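Reader: Hey, I've just been handed this one and I'm new to it. Can you walk me through it?

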Amino acid sequence: MFLPKTPSRHRTRSDVGKTPKTPLTPSVLSGLNNISLGGFPTKKRTGKTHAKASSSGPFDTTNPFIQPSTSRSRPNSRPASPVKFATGAIPISEDLKGQAGGGLIRKGGVELSRLDVVSRDYIPPKPELKRSRSTPAANRDTRDRFITSRDTENDVAATLEQMHLNPKSASPGHTARLVAATGVPLNRRILGYHEPPPAASSDTSLAQQREFAKPLYARPGTLPTSTGSSTNKSRRIPTQPERVLDAPGMVDDFYLNLISWSCQNTVAVALEASTYIWHADTGSVNQIGEAPEGSYVSSVDFSNDGMFLGIGIGQGDVELWDVETGQKLRTMSGHQAQIATLSWNQHILTSGCGDGSIWHHDVRIPRHKVMELLGHSGEICGLKWRSDGELLASGGNDNVVNIWDGRLGDVGEGARGSAKWTKRNHTAAVKGLAWCPWQANLLASGGGTNDATINVWNSTTGARLHTQKTPSQITSILWAPHKKEILTTHGYPTNSIMLHAYPSMDRVAEIRDAHDSRVLFSCLSPAGDVVCTGASDENLKFWRIWDVVGEGSGKKRKENEERRVNSTSSGQLSIR
């Protein structure tokens with residue numbers, strides 16, 4: 001057992017000299033006179049003097065446990081402690097051994113002291129815990145306060161001392177009256193959270209009343225029959241279109257975009273190699289172009305002011321037409337595959353090619369190509385500029401959604417752009433793209449057959465905000481301009497038009513079998529109330545999905561009503 005070291009302040013020369021066993025011979029006295037303890041100024045000892053003292057005989061060193069200091073003492077300094085020998089190199093006589101036996105023991109170079117050792121350690125009493133309100137209690141109940149299924153009959157509750165109350169300072173009579181009044185024992189916590197919850201009531205009338213008070217929601221696969229102004233409630237939409245136009249020769253191709261509705265209330269539709277414009281105000285139809293021989297029209301899109309029409313050709317050209325005069329203004333060549341989608345931003349006409357490239361065409365200058373965007377490895381089938389022109393969204397057959405910075409600045413023919421955000425969450429081609437008209441940073445995208453999912457993105461942070469699985473491929477997406485709703489058109493097997501509330505993404509309504517074949521294309525009227533859909537069944541159908549908001553009163557409302565009557569009374573019109 002290790003014994004504590006004797007403090008150096010108790011081991012002085014006077015303690016050693018008290019032992020009567022050491023004879024004070026002349027050699028011992030001479031050795032004592034030559035020892036300096038370093039605490040007082042003395043003369044400098046030379047090596048000769050030290051050697052003389054060391055060779056005086058076996059008793060020249062009086063105390064083998066003290067080594068004289070070799071350093072010079074500094075004036076006005078405290079006395080230095082004696083330095084001990086750590087080895088047994090100095091020979092020790094029998095007398096010195098007896099002297100050492102009465103005081104210090106040298107063992108392994110460590111000085112030990114003989115002490116009375118007890119076999120049991122002293123355990124001091126714990127002081128009374130004094131804590132502030134912010135310190136947790138020491139005798140804290142470790143049971144789970146949220147689990148109430150434990151047996152509370154055998155639990156021993158905390159006493160008043162454990163609750164850190166002072167029973168001595170409290171009045172026993174007052175405490176007894178509190179116990180009698182509350183019926184709570186003294187040794188039980190009031191807020192212990194261990195009592196079981198009350199049993200459920202067997203009365204089901206309240207549950208039935210709550211069931212009757214629920215709002216009516218549209219069930220999947222059925223048309224809602226109730227009406228309501230809130231977006232999360234079901235409402236009635238027509239199951240039959242207001243108008244049907246024959247469109248013979250409409251190409252059955254998922255990747256193409258063959259209809260567009262301008263702000264001038266005209267609808268452009270591509271039928272094989274021809275492009276037609278239908279005027280919704282008058283019901284008249286006129287042809288506006290013909291694709292080169294052996295080719296076909298693969299996409300159409302009106303400019304923002306409705307005065308010009310961009311036409312994509314299957315062989316890779318982009319044509320620009322004047323809508324009012326019906327004249328072709330120019331042909332912008334350069335692409336090596338079909339142009340499946342177009343999108344306008346002021347004077348910039350952006351085209352998506354089958355080779356995965358996206359070009360910006362400045363229609364004002366002869367060298368029309370001002371930038372190329374490279375970020376897709378598959379055909380571009382979805383392309384949509386945001387209304388403010390700051391962002392462009394693209395979707396491709398590589399299942400990728402890209403969001404591009406649309407602020408072009410000074411660009412040239414060899415300029416290249418990189419995507420701001422690239423999203424790979426879809427598992428099929430992304431054709432349906434739509435920017436939210438009432439919250440500019442929201443982008444909705446829809447995937448093809450193997451995906452059939454609606455995703456809503458935050459274009460500022462790049463985060464996916466919402467996702468909703470649908471029963472069939474998504475061919476197009478439209479945001480309601482005056483309601484928080486999203487409309488999607490679908491292909492096989494439902495061939496339907498679906499309406500979803502935002503942000504809950506609940507299905508508000510659905511029109512099953514809106515066409516005899518998959519609904520491939522859709523566009524929204526300038527007023528934001530009618531949706532035109534196209535399919536390979538060679539029909540264009542017009543559906544009044546939303547009510548017009550802010551029509552005004554008087555003359556303007558009357559004109560709108562007359563326009564609706566004229567558009568529905570004509571019956572079917574044939575585009576040939």
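Author: One term before we start: a contact means heavy atoms within 4.5 Å. Among contacts in this protein between residues at least 6 apart in sequence, 49% join residues at least 24 apart. Keep in mind that this is a predicted model.

Reader: Okay, how many helices and strands are there?

Author: Seven helices and 32 strands.

Reader: And what share of the residues is buried?

Author: 40% of the 576 residues. The accessible surface is about 33300 Å², and carbon and sulfur atoms account for 52% of that.

Reader: Switching topic: how many salt bridges are there?

Author: A search of the whole structure turns up ten. One of them joins Asp529 and Arg544, with the closest N and O atoms 2.6 Å apart.

Reader: Where do those two sit in the chain?

Author: Asp529 is in the loop between β29 and β30, while Arg544 belongs to strand β31, so the pair links distant parts of the chain, 15 residues apart. Asp529 counts as buried because its relative accessible area is 5%, under the 20% cut-off. Arg544, at 15%, is buried as well.

Reader: Which residues are in a network with them?

Author: Glu242 joins Asp529 and Arg544 in one network, through salt bridges that share partners.

Reader: Now the rings. How many aromatic pairs are there?

Author: Six. Phe254 is buried at 7%, and Tyr255 is partly exposed at 24%. Then there's Trp278 with Phe542: the centres are 5.1 Å apart and the planes are at 45°, so that pair is tilted.

Reader: Which parts does that second pair tie together?

Author: Trp278 lies in strand β6 and Phe542 in strand β31, so the pair ties together parts 264 residues apart in sequence. Trp278 is buried at 3%, and Phe542 is buried at 4%. Trp261 forms one aromatic cluster with Trp278 and Phe542.

Reader: Last one: which charged ends sit over a ring?

Author: One is Lys369, whose charged end is over the ring of Trp359, 4.0 Å from its centre. Lys369 also meets Glu372 in a salt bridge of 3.0 Å, N to O, and both Glu372 and Lys369 are buried. Another is Lys431, with its charged end over the ring of Phe254, 5.4 Å from the centre.

Terms used
Residues numbered from 1 in each chain as written. Predicted model: local features only at pLDDT ≥ 70, side-chain atom pairs only at ≥ 80, totals over all residues. Heavy atoms only, no water. Helix = DSSP H or I, 4+ residues; strand = E, 2+ residues; numbered from the N terminus. Buried < 20%, exposed > 50% of the residue type's maximum accessible area, 1.4 Å probe, protein only. Areas by Shrake-Rupley, 256 points an atom, 1.4 Å probe, with all protein chains shown as cover. Salt bridge = Lys/Arg side-chain N within 4 Å of Asp/Glu carboxyl O. Phe/Tyr/Trp six-rings, centres within 6.5 Å; stacked < 30°, edge-to-face > 60°. Lys NZ or Arg CZ within 6 Å of the ring centre and 35° of its normal.
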